[in-house]
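Please open the model in your viewer and keep the selection panel at hand. The stops below go from domains to a sheet and the helix beside it.

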Amino acid sequence: MMYDDQQFAKIGISIYRGESMKRKILDPMNNQIEVLKVPWYPQQDVEWTCLVNSIKMCLEYMKNTYDNRIIRDIVPNMSIDEIMKITNTRRFTGTVVDSHLIKNLNSNIEGIIFSLEEEVNMNKLSAKIEKGIPSIVLYNCQFLKYGIRGAGHAGVIIGITENDIIINNPWLGSEYFISHEVFAPAWELEYNQAILLDPSPQSKLGQEEK
Amino acid sequence: MIQNQLVDLPVDERSAEKIAYNWIRSTIGNIPHVGTPVKKGDMWSVPVHVNYPRIFKDLTTERPQKLRFMSFKNIGEVKIDAIKGLIVDKPTFYQIQHKISENLTLVQKTVQKALVKVGANYFAELPFPSHMHTPLLDVLSWLLVNDRIDVSIDFEQINEEERKKYQQNIELLTKYGLVEIEGNIITPGNYLIEIESRGKNYHERLSKALSFFFERGYEEIESIYQVIGPYLTLSSICYERSFEYGGVLPQDYSEIESIFMETYRVEIKRIKLPRYLVQLEAVNILESKTIGGKISWSANENLFNKMCLERDILEPIAGLIEG
């Protein structure tokens, strides 16, 4: 297929705006919305690896879809087993979520600076989405589904609209819509925690070695 | 004094919960959660609970279909000094992990007991060469063929360890009236005599005796496991998942294989797995279906429904499944 100059310019502009990182889907009211093209990794056979799968989704996206080539080049390809190892994820009990987790992620994964924050608000997550960066939220999925406090659960925020947040949920499926009213108390039980990603072209591993 | 008062502010309920929460998340993992703190004197006691997730997928779409949680309450306790806000006592990671494992085993064994009770006839129909080596079958067969065992003579040539195994199984069979002991002499018990009179041939008599033992002796699940080990493990994977789901749920082969191999961890079992499935289908404990172009395995609906009616046996785990 041949493109004329004008078409090339359009493609260029859309890539520049990060539109190649997003795709259009329909919300529950049949409105067209945009979400990040983050692949979904289910965890049906192993129940305690939601955070591992969420990290995997983010890495795959940053490696293959994120619009900065330098970042794409340096973000590593990591298997679920490798991520389990660096996150100290253990049978039945899941992943330890604290500063050590973040330290381990930062010292093993190039191209992204991870941070764990409490009391994160939707504006912060929206700003990330605007920049084409997904975030991992930690919330109480059983409370969300059944109103009973249960395990802490991780999922990847791929879109936020006025009414809903859209999560790639390792337990429940991809592009999972949750209204803000339903999500808020489930998130609050986990102190509104999120693992935020910041693309960083600087080599962290090289710096540590020095 | 003023400084002390400033430092030693009493810890309120929410703060106690947060301290315990942080400890769980930073030491144990994301699966356990905090319960409601209870104040006991100068101490907050925060229970640690686990609502263990089970995800059920639709085999046609390969998408998650249902999420349920098994509730394991009070698997640990975090004690916090209500004045200083310091943790003074807490379980270890391994204690929590062990408790979760223990509860999951309880669910598995309870389902197995109910399944063995209602499926006794079906399990007893499995071909005998498929049973693992077991003294239980040896003793029953011997008595059916030779009428009696004289321990002092017949067990004389076998080693101490083997003799012990036979003795244990004889005691077990005695408990359920299949065998009688009089000094060194073992003879058929009343029930075995009754069964003997109804069987056409030795094979049928042995099968009926085994069925009787499974039905009455379901509480001896470890001994029954010695007889039908991999068959029990495999069938209980399908029946347990269905029980947790609340209806017969087909399982795909890879899912069954991954759970089965967690139990056995020896490669030879991976090769034997299809044969076990075929044999379980032959005796109507499992059914195969093709869903979305893939073979899936599920519980026999009739047997599953009967199993769910065994409320007394299932009682210990009845309240565990939420959602």
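Predicted model: local features only at pLDDT ≥ 70, side-chain atom pairs only at ≥ 80, totals over all residues.

Residues are numbered from 1 along each chain as its sequence is written, and chains are lettered from A and ligands numbered from 1 in the order in which they are written.

Ten residues of domain 1 of chain B are in contact (C-beta atoms, placed from the backbone, within 7 Å) with twelve residues of domain 2 of chain B. On the domain 1 side, select β3 (43-58) and β4 (63-81) of chain B, the elements that give two or more residues to it; strands (E, at least two residues) and helices (H or I, at least four) are DSSP runs, numbered from the N terminus. The largest share of that side, five residues, comes from β4(B).

Next, select the open sheet of three strands in chain B, ordered β9-β11-β10 with antiparallel pairing, where a pair requires at least two DSSP bridges. Because β9 (251-252) and β10 (286-291) of chain B each have a single partner strand, they stand at the edges, and one side of each is left without a neighbour in the sheet. Two bridges join β9(B) to the antiparallel strand β11 (residues 294-299) of chain B, and Asp252(B) stands opposite Ser296(B) in β11(B). Finally, helix α12 (residues 267-282) of chain B packs on this sheet, touching β10 and β11 of chain B.

Definitions and conventions:
Contact = placed C-beta atoms within 7 Å. Axes fitted to C-alpha atoms, helices over the stretch in contact; angles between N-to-C directions.
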